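Please follow each named residue in the viewer as it comes up.

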2 protein chains.
Amino acid sequence: MTEPRYRRRKEDRPKEITAAAFDAFAEKGFAATRVDDVAKRAGVSKGLLYLYFKTKEELFKAVVKSVVIRRVDRLIENVETTELSSDNFIRGPLLSFLQKIPGSPVAIVIRLLIAEGPRHPDLVDYYYENVVAKGLAAISAFVKRGVDRGEFRQSSVSDLPHLILAPVMLSIIWGIIFKDKQLDTDTLIATQIDMILTHIKA
Amino acid sequence: MTEPRYRRRKEDRPKEITAAAFDAFAEKGFAATRVDDVAKRAGVSKGLLYLYFKTKEELFKAVVKSVVIRRVDRLIENVETTELSSDNFIRGPLLSFLQKIPGSPVAIVIRLLIAEGPRHPDLVDYYYENVVAKGLAAISAFVKRGVDRGEFRQSSVSDLPHLILAPVMLSIIWGIIFKDKQLDTDTLIATQIDMILTHIKA
DNA sequence: ATAGTTAATGACCGAGTAGTCAGCAAGTGA
DNA sequence: TCACTTGCTGACTACTCGGTCATTAACTAT
């Protein structure tokens, strides 16, 4: 009565494989990761992997999508339903949301997109539409609301969303390239938010 | 009396090869670029390339170094010798220096470092010491001078250099990933500088 | 001229890897 | 328990690409 050599788990395999792929890509990047590695990490054979994903590239896209979904949407929901003053919302939930990004899977995805994006235009489009555009729009709408309420000055700069993102981006990149050279990303982001608020406050 | 099939040009070959390699890496990234491609672009045989560069990785390092040299040094020199007030220097030479970065070869190198850096720690160290550390130090020293002269407030934030770099970094990344989705990097950087200046002015 | 030096060539090799497929065995139902 | 479906395996193939090296031909010195 020995253990069966494997179990058939059609439902769970894809998730497990994308999770394993994410880890592998995070460590080595897409190009340097072997499909065999991913399979081994997921505890399956290479053949099975190819049953669920037509090509390595297909797998790559699945990984990006798996990370992206639902992250921004939650923020947007918050923006729309919050009872806080604009100021408090920015210093509170928005700030802590931003501070979490550099250490999150999103940072990994950004790295992958930088490295491989130029070769996968449709993936970039997908990411732009589902994450970037949404995020930018949400922040813009929020600032507009602040203006309407008289909390912010009328002339509030139009590239505010990008200015808010900038230190987050820097933190992400820093973490990727100069792992060891520490950088206090939390204060960096907080300081920027601070500067921006005093700049646009009515 | 036919043309010779090739000329012996020992002096020029390395430069030509690194230039060709830069172009190739810029287009496809390091991993996806074939040595044969680089050779073809440079108008030489693969064998010759291997006469001047021991390995593909060696070539990669040469490319990075060729872009890096002398760029930051010139800025540092300016910082140290300028007669302008801190304010004017920042709004003038420093700003225009920063605005040029996103479209310059440095942007390409950043992309390469993000994609391949984790696999080439010594290269990252080289880049950090010769570009990043120098640049940060120069800006810090400059701010300190401004404080001494009474132009800036004492408490001028310590991560100012990073804050200055942030929008530059964002612009670089944006340009790499979302080539088509335009972003007015010049105003973005200028606005940030503006914000920072009003923030630290005495 | 001509012998010697070496920049330059390109066919070749072997390691490594994305993707395939014939067969196996875990689950299923009668 | 036995036939049947199908999730799963892993050896295999076809091919790509970094790196080598025997050979060639452009230069140089005498």
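The model is predicted, and the distances and areas given here are computed from its atoms. Over all chains, the structure holds 30 salt bridges.

**Salt bridges around Lys61 in chain B**

- The side chain of Lys61(B) meets that of Asp122(B) in a salt bridge, with 2.6 Å from N to O.
- Because Asp122(B) lies in helix α8 (residues 121–148) of chain B and Lys61(B) in helix α4 of chain B, this pair ties together parts that are 61 residues apart in sequence.
- Glu57(B) is partly exposed, with a relative accessible area of 32%.

- In chain A, the side chains of Lys61(A) and Asp122(A) meet in a salt bridge, with 2.7 Å from N to O.
- Lys61(A) lies in helix α4 (residues 56–68) and Asp122(A) in helix α8 of chain A, so that the pair ties together parts that are 61 residues apart in sequence.
- Lys61(A) counts as buried at 15% relative accessibility, while Asp122(A) is partly exposed, with a relative accessible area of 43%.
- A network of salt bridges links Arg9(A), Asp12(A), Arg13(A) and Glu16(A).
- Asp87(A), which lies in helix α6 (residues 86–100) of chain A, is buried with a relative accessible area of 17%.
- When its neighbours within four places in sequence are left aside, Asp87(A) is in contact with Glu151(A), Leu197(A) and Lys201(A).

**The interface between chain A and chain B**

- Contacts join 40 residues of chain A to 40 residues of chain B, and the two chains bury about 3800 Å² between them, of which 77% is on carbon and sulfur atoms.
- On the chain A side, Ile114(A), Ile177(A) and Met195(A) lose the most area to chain B, and together they make up 16% of what that side buries.
- Two salt bridges are counted between chain A and chain B, and Lys181(A) pairs with Asp125(B) in a salt bridge at 3.3 Å from N to O.
- Helices α7 (105–116), α8 (121–148), α9 (160–177) and α10 (185–200) of chain A each supply at least two residues of the side that touches chain B, and α9(A) gives the most, with eleven residues.
- By class, this side of chain A has 27 nonpolar, six polar and seven charged residues.

- Sugar and phosphate account for 68% of the atoms of DNA strand C that come within 4 Å of the protein.
- Phosphate oxygens of DNA strand C lie 3.3 Å from a polar backbone atom of Arg5(A), 3.4 Å from a side-chain N or O atom of Arg7(A) and 2.8 Å from a polar backbone atom of Ser45(B).
- Helix α3 (46–52) of chain A and α3 (46–52) of chain B each supply at least two residues of this surface, which has eight nonpolar, five polar and eleven charged residues.

**The surface near DNA strand D**

- DNA strand D is surrounded by 24 residues, the closest being Tyr6(A), Arg8(A), Arg9(A), Arg34(B) and Lys46(B).
- Of the atoms of DNA strand D that come within 4 Å of the protein, sugar and phosphate account for 65%.
- An N or O atom in the side chain of Arg8(A) is 2.4 Å from a base oxygen of DNA strand D.
- Phosphate oxygens of DNA strand D lie 2.8 Å from a backbone N or O atom of Ser45(A) and 2.7 Å from a side-chain N or O atom of Arg34(B).
- The α3 helices of chain A and chain B each supply at least two residues of the surface near DNA strand D, whose residues divide into eight nonpolar, five polar and eleven charged.

Key. Residues numbered from 1 in each chain as written. Chains lettered and ligands numbered in written order. Predicted model: local features only at pLDDT ≥ 70, side-chain atom pairs only at ≥ 80, totals over all residues. Heavy atoms only, no water. Near = heavy atom within 4 Å. Polar contact = N/O pair within 3.5 Å; in protein donor to acceptor, adjacent residues only side chain to side chain. Helix = DSSP H or I, 4+ residues; strand = E, 2+ residues; numbered from the N terminus. Nonpolar A, V, L, I, M, F, W, Y, C, P; charged D, E, K, R; others polar. Contact = heavy atoms within 4.5 Å. Buried area = accessible area lost by both parts, 1.4 Å probe. Salt bridge = Lys/Arg side-chain N within 4 Å of Asp/Glu carboxyl O. Buried < 20%, exposed > 50% of the residue type's maximum accessible area, 1.4 Å probe, protein only.
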